[in-house]
Amino acid sequence: MLDCLRAAAVVGPRDRDAYDLGSGAGLPGVIVAVAWPELLVTLVESRRRRASFLELVVDRLGLGNVRVEAVRVEDLAEPVDVCFARAFAPLERSWRASEPLLRSPGGRLVYFAGRSAQARAQAPPGVLVEVRAAPMLASSGPLVIMAKQ
Ligand SMILES: C[S@@+](CC[C@H](N)C(=O)[O-])C[C@H]1O[C@@H](n2cnc3c(N)ncnc32)[C@H](O)[C@@H]1O
């Protein structure tokens, strides 16, 4: 949860909505949604059983700002302000999946990188990249924030 809270620090009051790509057990989407009750967070999880678990979590926690979509990320169409990708896919593939889903300007991907990631080197040309180190957790890699120029 501490690791996921780092993503909440990237969200701002102007952000209206977000996708958690490959949400799994709801990370980081559920944590961010609790931290930002005004943000509409859609948990995108293609595995039906996992999506059912997420629906249970949303119900038990009474999260009015969270939706669950049991679809593949590639099938999404509505643009959002922020996409989160934690253990979803390598950086380049995560960017390719999220880039068409991000509002322009201002839309950004928040990518949880591995410890050995060379985020700047891996980023496609023409993409703004900010790398935030993980100050609290020795086991975490940096957070990479990517935005369309
Ligand atoms: C390794 S888990 C990570 C879960 C969570 N984000 C975390 O950090 O613990 C990756 C999840 O992404 C889902 N997934 C993978 N590719 C997907 C796609 N194209 N569309 C939707 N979900 C996908 C998988 O079903 C799996 O639950």
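Predicted model: local features only at pLDDT ≥ 70, side-chain atom pairs only at ≥ 80, totals over all residues.
Mean pLDDT for the protein is 92, and 95% of its residues reach 70 or more.

The strands form an open sheet of 7, in the order β3-β2-β1-β4-β5-β7-β6, with mixed pairing. Strands β3 (66-69) and β6 (127-132) lie at the edges, and each pairs on one side only. From one strand to the next, the twist averages 20 degrees. β2 and β3 run parallel and share 4 bridges. Val44 has Glu69 of β3 as its bridge partner.

Two helices that pack on the sheet are described here. Helix α3 (residues 48-61) touches β2 and β3, and its direction makes about 165 degrees with that of β3. Helix α4 touches β1 (17-21), β4 (82-86), β5, β6 and β7 (143-148). The direction of α4 makes about 150 degrees with that of β5.

Gly107 sits in the loop between α4 (91-98) and β5 (108-112). Gly107 counts as buried because it has 20 C-beta neighbours inside 10 Å. Beyond residues up to four places away in sequence, Gly107 touches Pro79, Asp81, Leu102, Ala147 and Lys148. Gly107 and Ala8 are 99 residues apart in sequence, and their C-alpha atoms are 15 Å apart in space.

Conventions: Residues numbered from 1 in each chain as written. pLDDT = per-residue confidence, 0-100. Buried ≥ 20, exposed ≤ 12 C-beta atoms within 10 Å, placed from the backbone. Contact = placed C-beta atoms within 7 Å. Pairing = 2+ DSSP bridges. Axes fitted to C-alpha atoms, helices over the stretch in contact; angles between N-to-C directions.
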